[in-house]
Amino acid sequence: MTLLNNTSTTEPAAQTPSPPPGLRVSVRKVLSTGFELSVDFALSSGINILFGPSGAGKTTLLDCIAGLSTPDSGHVSVHGQVLFDSARRIGVPVTRRNIGYVFQDLALFPHLSVESNVAYGLSALSVSERNARVDRLLEAMGIAMLRRRRPAELSGGERQRVALARALVIEPSMLLLDEPLAGLDLPVRMKIADDLRSWIQNAPIPVLYVTHSRDEVFMLGNNLLVLELGRLIVQGTPHAVLSAPRSETVAQLAGFENIFDAIVTSIHEERGTMTCRVRGWPGEKIYPDAGWRGIDLETPLIRAVQGDKLRIGISAGDILLSTAAPVGLSARNVLAGRLVSLSQRDTTIVAVVDCGVEVRAHLTLSARDSLVLSPGSAVWVIVKTHSCHLFQPGKEAK
Amino acid sequence: MDWQAFWLTIQLATVVTGILVVIGFPLAYWLAFSTWRWRFLVEAVVALPIVLPPTVLGFYLLVALGQRSPVGRWWQGLTGHPLAFTFEGLVIGSVLYSLPFAVQPLASSLSSIDRRLLDASAVLGLSKLRTFFRVLVPLSLSGLITGVSLTFAHTMGEFGVVLMVGGNIPGITRTLSIDIYDQVQDLNYSAANTTALVLVAIAFVLLSVVYSLNRRFWSLWPRT
């Protein structure tokens, strides 16, 4: 809530100097369900990705920015113009915020043609000005030939384009997109994303883009924000965020619940494998204990030399647990450890095992029942060679 | 066929339908969008005329409009004649009696409209009033036509309230349904038959309109 004081004095000096960031948000809202949204961030122009599991509060956050929902307290401003400030009792009504908002279900007006949908927000303009703007947007979004159709007569991708055009035609001061491309084929998504990106380049405004899709994160984002249970847990470039995925949400985004820093210790070209010494979670201090040497994992062979630093990602669903030392297994990696905790998430059991590094494994409910596991018990973690996915820091190596 | 009664009935139904569109739309809007916890009480009150005997409604109206009530006295002071046994009194009774037939289809239509459309309209800068005319009215058109048809048909055919509040004054309160009753009392069956047939025909046409637009109008309450 430091933003509510004089922003110029509280802003860290390291941040980019003068032009005020496009969007500043610092809001808190408790829903009737008890869910609490509490975030504080600033965005500049361009596409910013908001990622988070369902129920993380993404739509609530967007509604607070648009003014459809009133935060309990906080501050929202775009380009320095205050839209909401609980301390100063400012609350610009939703109808005067001039924010483009594409809803998750698009909310096209079913009784209006494509043309009328796009022109809907322009009733204050003269007819000629309105037509000129509508034509420009229909052209840019590639839907000019559909202008007389009703939303029911459009394909999914066409509808998404109409919704984007309707949001952009009012020349908004910023754009909120709630999973605008969900449910579309990848080629269609990429095409629409391209059109959106080129429009934003010509009219630089802050865009907050909610998505569940990894492809879209890498396709569109220069800045990634991860929301979990109403809290912003990390913000940065997609690569920076993914290189330290200590949270489940980020791991889910990366696709791996286990990510380790490792060094290539030996290469076995004739067998197509190599051995990597795991040194811990990224960002964690290497060698947690003085006597700890790390653990060795056999991984698939990639183009690397001895001593290369790598990152190993292992999906929690690819890991087997055993309560007795296994014999006669094809899997090459068997690590002894102790069970730290068991927790249930929907119908999946998340087991955390300490093998020198913490390893997360997913079990089914019946597997938990038949194994008789409790914290502290000795377990063996089994990982197939080909379940180890290798990254070179910064990019995927495979 | 008593044409005076026929035109009086048409006139009554038209006026009542007009009034109920004006009253019914805001009431239906409130019922469809209110989150007030006691909203169901208002729903129940609006639906009362469906189940109450017309004589009950007529009786209370007679008391409320009579010379002993403040409303009746106020009206008499204003116009010089009492409200009971007049066309105006008939209109008030019919409006109350047909209220659920106008409000229910409208509320049902309105509540089936996606709320995000209203949000979309607000984000695009349109006030609630303009959103009402540009989104809610067009999207609840079938509910509006259903409500208008049902109100009209129901008002044309009502008997009990009219008899209680209006009596049987030719040209003022004598509607077609009263006329049929009179004819039968006089054992004039063929005249009663003609009039009855006219009412059946009108009701059939109006209900055909309703059902051609909307196949489930009896499951009308929103959010059931």
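Modeller: Let's begin with chain B, which has 11 helices and zero strands. Keep in mind that this is a predicted model.

Biologist: Thanks! What share of chain B is buried?
Modeller: Of the 224 residues in chain B, 38% are buried.

Biologist: And among its contacts between residues at least 6 apart in sequence, how many join residues at least 24 apart?
Modeller: In chain B, that comes to 76% of them.

Biologist: Switching topic: how many residues does each chain bring to the contact between A and B?
Modeller: Chain A gives 14 residues, and chain B gives 14 residues. On the side of chain B that touches chain A, the elements giving two or more residues are helix 6 (115–123) and helix 7 (128–139) of chain B.

Biologist: Okay, now the largest nonpolar core. Which residues touch the most other members?
Modeller: The core has 120 residues, and those touching the most other members include A:Ile65, A:Tyr101 and A:Leu176. Helix 5 (residues 87–111) of chain B supplies the largest share of this core, 12 residues.

Biologist: What is A:Tyr101 in contact with, beyond its neighbours within four places in sequence?
Modeller: A:Tyr101 contacts A:Leu62, A:Ala66, A:Ala167 and A:Leu176, plus B:Val123 from chain B.

Biologist: What about another core, apart from that one?
Modeller: That other core has 29 residues, among them A:Val278, A:Ile314, A:Val381 and A:Leu390.

Definitions and conventions:
Residues are numbered from 1 along each chain as its sequence is written. Chains are lettered from A and ligands numbered from 1 in the order in which they are written. This is a predicted model: local features need pLDDT of at least 70, side-chain atom pairs count only at pLDDT 80 or more; totals for chains, interfaces and linings use all residues. A nonpolar core is a set of buried Ala, Val, Leu, Ile, Met, Phe, Trp, Tyr and Cys residues joined through C-beta atoms within 7 Å. A residue is buried if 20 or more other C-beta atoms lie within 10 Å of its own, exposed if 12 or fewer, and partly exposed in between; C-beta atoms are placed from the backbone. Helices (H or I, at least four residues) and strands (E, at least two) are DSSP runs, numbered from the N terminus. Two residues are in contact if their C-beta atoms, placed from the backbone, lie within 7 Å.
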